[in-house]
Amino acid sequence: MVKESPKKKAEGPEYIRIKFNAPRPYNWSTGKYLGKVYAEAKENKKLVGNRCPQCKEIWLPPTPVCPKCKVDMGWDWVELPQTGAVYQYTYLVYPLWDPHYGEKWANPYPSAIILLDNGVYYRHWLEEKDKEKLKAGTRVQAVWKEDYEERGQGVQDILYFRTLEE
Amino acid sequence: MPNSVAIVGIGQTYHTGRRNDVSQPEMVAEAVRAALADAQMSIKDIEAVFFGNMETFEGIYLPDHGMSAEVGAFGKPGFKVNTGGTTGASVVAEGFYMISAGLYDLALVIGFEKQDCGDTTAAITAAAVPTWAKGAATGAIGEFAKQALAYLETSGAKEEHAAMVRLKADRNACRNPYAHLRLGLKSIDEVLQSPYLVWPLRLLDFCPQSCGACALILASEQRAKKITKKPVWIADLEVVHQEPFRAGIFGDPTGKETYTQHVACERLYKRNGITNPRKDIDMAEIYEPSNWEELNLYEHLHFCDKNEGWKLIEKGVTEIEGEFPVNPSGGVTATNPIGATPVIRVAEAALQIRGDAGEHQITKDINTAMATALGGPNWTVLFLLKRSM
Amino acid sequence: MPMAERVGIIAVAQTKYHPNRTDVNEEELAYEAIKQVLEETGLTLSDMDSAVTCSQDFWDGRTISSMNIQHVVGAHLGHEDNISEDGINAVYAAMGQILSGHQHIVLVEAHTKESQGDKSLIENAAFDAIFMRQLGLDFTSAAALQARRYMYKYGITAEQCAKVVVRNRANAKNNPFAQEPMDISVDDVLGSKMLISPIRLLDTKPISDGACAMILAPEGKVKKLTRKPVWILGASNCYETHYLGDRDLANCDALVKAAQKAYNMAGITNPLRQIDVAEISTEYSYQEPLWLEGLGFCDQGEGGKLVDSRATKMGGKLPVNPSGGVLPGNPNGVAGMARVAEAVLQLRGEAGDRQVKGAKVALAHGYTGICGQHQAVMILGNM
């Protein structure tokens, strides 16, 4: 029950509302660095990040400049392991508007931060939809879109991370 | 020595969920007129107007242009800034720099958002890199849910503590006629019954989408003293940004990354000789998008040690009559017109220093206050306000 | 009056303007320009005290567009602000930060990839939602209204506007960054496809992607960082009113005011005599005579005559746009900052084949919005 604060109430005429529903299309380029991630995912079903020449940190999404060292990253790529452990997860209950899809939806796959086996944190979805089974520490593995033609969407070429049966 | 800058006029709209009765320019004009009335001056005296707003929330490109006549920017210099959640703070900072530089003596800074015009969550979701993970971002809600989860799991806090924060915010908001949500919440149970949006963040844990505007009139030292007997000085400010976190956008649950709040506080406190924030500063208006984030911020802003934030709320330290009041205005969970919110933090802190906060005035003397802003991938802006320099 | 210490621009860079940079995303594009100013000065991103960026959410297609580029401007745990007007205003804001004494070495950057969005749809969103947006206006259709009004009131002709195109496109041949230099005649312009009367295709600029970057510093530090400093002598900007019906589109009062304030700061009393070169932003040919009037280079209504005369040509009394300006291709938002960059190159004697000999004082101009609703002027000098 929400109470309104004392203020001028809109009385009298009904207000006319003007609705604008114009989709605005965009064509985004991945650029050179993200393009490499896309290429490795499509061609080789590999997940790669780039490594800073100075601090050696691996950046995913990749970057042309190391944010921390502020130096040019160059072109040093590292293949990331495809297995890891769930570090943290969350799941959407309430359907939200997603402008990239132009619709309201609540993604049924939980969103999670996965600690890959080489120590890099990576955010992606989990296959496990049953909330009771979700737990931090669960070991998971990437599941790729097998069809070559369907790939080419960057990290979305990985459908989700599947729980590994112990 | 840079020129000193003071706040000599404060105005805000009565923030609410829908403003069917006004267009965006008309709404902002309300705040501007209130600020001019507060400073007892006319728009003719204003030399420049600076705007802060997030265009994608209303779907209005160049909104400052659309309202140049209604708010008195017509024929005057100025520009608009856009830095996400900290937009309102960036505009106050820009006004501050321009006057400090000696380029203007009197400037109007305005933050505004009319969120009933668009879909804010969708717009925030659009902050994610479109070529990286479509459908991944869950807007601010999902991001703050992750932070809530991390806090819940590591600090020793319980969901009851987040509920206590909301009760404090609501009690304060009910004493603030400008606040948006004034719910009259009575108990922790009432808060804990509200549904989850993105687990573990509940509806009542998170800030609303409000329509509102807040305007400040900033003046140089010489002019300030002639305009008002109660100028509030912007003693210092600190702006710290960063690139988006890798494992999240607005927060980092891995605990490995540096938080801008820490860096900003270290720098600001050091420059101003603040060693015990709860003693050296009298109150704070902080930008807490969720109850959990308020607990987090108590720690990040060094109001208490790590993992002790929930103890502050439990002991009532940050209540309006407590030892260190935080958000006597009701804060962001009560009122959140995003572009205006940081300006409201500064405005409310300034009102406290002036003793003009009305029903939500803190009774003890406020000489030094802090206002904070949070936005984007956890950017921080801090303002230190003083009654006298 | 500003403080005693002046603000200098110590390095500038532009990317070569291009119709469709599919090879880079926004951060890589911005970094292309930023890298150049870092290399030229030997400074690193860590040396920057602050960054002022200029990008538009609507053009980048992302909320908080400056989130894209935080790391390439060195804003990791650093100070950054984003100005949502034309890039020349970002230079102005940076100047204010330095004059305040709170920031010192400031990196300024602007980038836009016009190729990635729909120009008309984006521009339409700038029109107020209640009255004008539903008319389906965009900047070009609004410009056509202004062109028509201006030509009607003062008798400016289509030929005079075409001369502007011919001169700018030809000047662009000397500019290594120019997108579409062209050798064309007045007849070519007048024969090009009519878009919205009276604006023809060649009266407009092509879609463009690009970035511009520069480093500003206070006087005390400038001398150590460059042997060829360029000083900002004066700068200001101004808002016009929004509704097209409220303005006499044949005038540009906002530009007159902005110019007046900038001239006062710089001590300019006779612009035509005291300014050696002008780089002004014009997305449509009719804007050149109109803006020249607003800048005080001739009386109101005499812009056409000024265009007819030799004055604005290379070698004339006041060469306008030796770089070719915006018409051969410059992205929205970058255009005004690029004018500042070109003015700096002129004053450093580094403008190559487009150099105006002995230039000591230059004017840079940029505008934002519908029919130049927001105007900004900057005066620069090398002494």
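User: What is the strand order of the open sheet of nine strands in chain C?

Analyst: This is a predicted model. Strands of a sheet pair through backbone hydrogen bonds, either parallel or antiparallel. In chain C the order across the open sheet is β3-β2-β4-β7-β1-β8-β11-β10-β9, and the pairing is mixed.

User: Which are the edge strands?

Analyst: They are β3 (79–82) and β9 (277–279) of chain C, each of which pairs on one side only. From one strand to the next, the twist averages 25°.

User: How many bridges join β10 to β11 in chain C, and do these strands run parallel or antiparallel?

Analyst: Strand β10 (residues 361–368) and strand β11 (residues 374–381) of chain C run antiparallel and are joined by eight bridges.

User: Which strands does helix α3 of chain C lie across?

Analyst: Helix α3 (residues 88–99) of chain C lies across β1 (7–14), β2 (50–54), β3, β4 (106–113), β7 (209–218), β8 (230–239), β10 and β11 of that chain. Its direction is at about 165° to β4(C).

User: At what angle do the axes of α3(C) and α13(C) cross?

Analyst: The axes of α3(C) and helix α13 (residues 335–348) of chain C cross at roughly 65° and come within 6 Å. Angles of 65 to 115 degrees count as roughly perpendicular, so α3(C) and α13(C) are roughly perpendicular to each other. The residues in contact are C:Ile88, C:Ala90 and C:Val91 of α3(C), with C:Gly336, C:Met337, C:Arg339 and C:Val340 of α13(C). By class, this contact has five nonpolar residues, one polar and one charged.

User: In chain B, are α4 and α15 oblique or roughly parallel to each other?

Analyst: The axes of helix α4 (residues 87–100) and helix α15 (residues 341–354) of chain B cross at roughly 60° and come within 5 Å. α4(B) and α15(B) are therefore oblique to each other. From α4(B) the contact takes B:Gly88, B:Ala89 and B:Val92, and from α15(B) it takes B:Thr341, B:Pro342, B:Val343 and B:Val346. Five of these residues are nonpolar and two are polar, with no charged residues.

User: How many helices and strands are there in chain C, and how compact is the chain?

Analyst: Chain C has 13 helices and 11 strands. The radius of gyration is 19 Å, close to the 21 Å that the globule rule gives for 383 residues, so chain C is as compact as a globular protein of that length. Along its principal axes, the C-alpha trace of chain C spans about 55 × 45 × 40 Å.

User: What domains does the assignment give for chain A, and where do they touch?

Analyst: Chain A is assigned domain 1 (29–80) and domain 2 (81–166). Their centres, taken over C-alpha atoms, are separated by 21 Å. The contact takes 11 residues from domain 1 and 13 residues from domain 2 of chain A. On the domain 1 side, α1 (31–44) and β1 (47–51) of chain A each give two or more residues. The largest share of that side, five residues, comes from α1(A). By class, the domain 1 side has eight nonpolar residues, one polar and two charged.

User: How many residues does each chain give to the contact of chain A with chain B?

Analyst: Chain A gives 37 residues and chain B gives 42 residues. β4 (83–90), β5 (96–98), β7 (111–116) and β8 (121–125) of chain A each supply at least two residues of the side that touches chain B. That side has 23 nonpolar, nine polar and five charged residues.

User: How many residues of chain B are in contact with chain C, and which element gives the most?

Analyst: 49 residues of chain B are in contact with 51 residues of chain C. On the chain B side, α4(B) gives the most, with five residues. By class, the chain B side has 25 nonpolar, 19 polar and five charged residues.

User: Which peptide bonds are cis, and which residue has a positive phi?

Analyst: Most residues other than glycine have a negative phi, and most peptide bonds are trans. The bond from A:Leu60 to A:Pro61 is cis, with omega near 5°, and A:Pro61 lies in the loop between β2 (58–59) and β3 (77–80) of chain A. C:Ser197 and C:Pro198 are also joined by a cis peptide bond, with omega about 5°. C:Pro198 is in the loop between β5 (194–196) and β6 (199–200) of chain C. B:Asn378 has a positive phi, near 60°, and is in the loop between β10 (368–375) and β11 (379–386) of chain B.

How values were computed
Residues are numbered from 1 along each chain as its sequence is written. Chains are lettered from A and ligands numbered from 1 in the order in which they are written. This is a predicted model: local features need pLDDT of at least 70, side-chain atom pairs count only at pLDDT 80 or more; totals for chains, interfaces and linings use all residues. Two strands pair if DSSP finds at least two bridges between them. Helices (H or I, at least four residues) and strands (E, at least two) are DSSP runs, numbered from the N terminus. Axes are lines fitted to C-alpha atoms, for helices over the stretch in contact, and angles run from 0 to 180 degrees between N-to-C directions. Two residues are in contact if their C-beta atoms, placed from the backbone, lie within 7 Å. Angles under 35 degrees count as roughly parallel, over 145 as roughly antiparallel, 65 to 115 as roughly perpendicular and the rest as oblique. Ala, Val, Leu, Ile, Met, Phe, Trp, Tyr, Cys and Pro count as nonpolar, Asp, Glu, Lys and Arg as charged, and the others, Gly among them, as polar. Domain bounds come from an automatic or database domain assignment. The radius of gyration is taken over C-alpha atoms; the globule rule is 2.2 Å times the number of residues to the power 0.38.
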